[in-house]
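Biologist: I am new to this one. Please show me how to read its features.

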Amino acid sequence: MQTTEENIKKIKHSILQWENEYQREMGSVQLMAVSKKKPAQLIEQAYQAGQLIFGESYVQEAILKQQQLSHLHDIEWHFIGPIQSNKTKDIAQNFSWVHSLDRLKIAQRLNDQRPEGLAALNICLQVNIDAESTKSGFAGQEVVQALKAIKRFPRLKVRGIMAIPKPTNNFEQQRRSFQKVNAIFQQCLEIDDMLDTLSIGMSNDIEAAIAEGSTMVRVGTAIFGARD
Ligand SMILES: *Cc1c(COP(=O)(O)O)cnc(C)c1O
């Protein structure tokens, strides 16, 4: 059983190798540690190993851990889970990023509820890339329209797009899905060339995501072990 620190070191090393292998700019892929269902103590271990970006999927659970870790001032909390309307206020108040924005109505609420004293909330639009009925996200052909609408909200700052492809262990299949996501990202860049975030890649498909242009991989299991 490896420690959290060893896992982070190993993944960071792999990211650098893949950046090199796929002709990506060195340091262009950021690592988010997905800490959902993991205790504050493990998050603190990751933090001590130099990890600053953490992803959470459940609002109440996340806020509890944020309170336990309030002494770690430079942690950056990213919300990556499904968003219910009655949770938008808690999200707007307690996170600096949301990767899972999938409805204009939710964008409006997050905008209205983002506290004055905080910077604009960073946003990625979630794209349902394999058109799975069980997954949330804008359909591929809706994304550009949604981006145009969400760009108008002053308290939101759109940074890019996020996707969770259908799980597969086939590397070529992984690459094909991420290629589709990147094509949509390129369309978005034509609308807004300030976008800088392509949030793709999880424990099982980090390499394929980096090959296809990821700028932020969201890694849980490979850092903290399996979740129950
Ligand atoms: C849980 C989760 C992850 C991390 O998945 P792992 O396979 O454990 O790396 C990444 N992104 C989202 C949106 C998640 O919900």
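Biologist: What should I know before we start?

Modeller: This is a predicted model, where local features need pLDDT of at least 70, side-chain atom pairs count only at pLDDT 80 or more, and totals for chains, interfaces and linings use all residues. Residues are numbered from 1 along each chain as its sequence is written, and side-chain values use heavy atoms, with hydrogens and water left out.

Biologist: Which residues surround the ligand?

Modeller: A residue counts as near a molecule if one of its heavy atoms lies within 4 Å of it. Here the surrounding residues include Val34, Lys36, Ile164, Met202, Arg218, Thr221 and Arg227. Some make polar contacts, meaning a pair of N or O atoms within 3.5 Å. A polar side-chain atom of Arg218 sits 2.9 Å from a ligand nitrogen. For Thr221, a side-chain N or O atom is 2.5 Å from an oxygen of the ligand. For Arg227, the distance from a side-chain N or O atom to a ligand oxygen is 2.8 Å.

Biologist: How many salt bridges are there?

Modeller: A salt bridge is a side-chain nitrogen of Lys or Arg within 4 Å of a carboxyl oxygen of Asp or Glu. The whole structure has 9. Take Lys65 and Glu61, with their closest N and O atoms 2.6 Å apart. Both lie in helix α3 (residues 59-68), 4 residues apart, about one turn of the helix. Helices (H or I, at least four residues) and strands (E, at least two) are DSSP runs, numbered from the N terminus. Glu56, Glu61 and Lys65 are linked in a salt-bridge network.

Biologist: Is Lys65 buried or exposed?

Modeller: Buried means under 20% relative accessible area, exposed over 50%, partly exposed in between, with a 1.4 Å probe and protein chains only. Lys65 is buried, at 5%. Glu61 is partly exposed, at 23%.

Biologist: Which salt bridge ties together parts that are 41 residues apart in sequence?

Modeller: Asp192 bridges to Lys151, with the closest N and O atoms 3.6 Å apart. Asp192 is in the loop between α7 (171-191) and β7, and Lys151 is in the loop between α6 and β6 (156-163), so this pair ties together parts that are 41 residues apart in sequence. Asp192 is buried at 11%. Lys151 is partly exposed at 40%.

Biologist: How many aromatic pairs are there?

Modeller: Rings of Phe, Tyr and Trp (its six-membered ring) pair if their centres lie within 6.5 Å; planes under 30 degrees apart count as stacked, over 60 as edge-to-face and the rest as tilted. The count is 2. Phe54 and Trp77 have ring centres 6.1 Å apart and planes at 45 degrees, so they are tilted. Phe54 is in strand β2 (residues 53-56) and Trp77 in strand β3 (residues 76-79), 23 residues apart. Phe54 is buried at 0%. Trp77 is buried at 10%. Phe79 and Phe95 have centres 5.3 Å apart and planes at 75 degrees, so that pair is edge-to-face.

Biologist: What is the nearest side chain of opposite charge to Asp205?

Modeller: Lys and Arg count as positive, Asp and Glu as negative; His and the chain ends are not counted. For Asp205, the nearest opposite charge is Arg218, 7.0 Å away. Asp205 is buried yet has no salt bridge.

Biologist: And phi?

Modeller: Most residues other than glycine have a negative phi. Gln23 has a positive phi, near 50 degrees. Gln23 is exposed, at 71%. Ala131 also has a positive phi, about 45 degrees. Ala131 is exposed, at 66%.

How values were computed: Polar contact = N/O pair within 3.5 Å; in protein donor to acceptor, adjacent residues only side chain to side chain.
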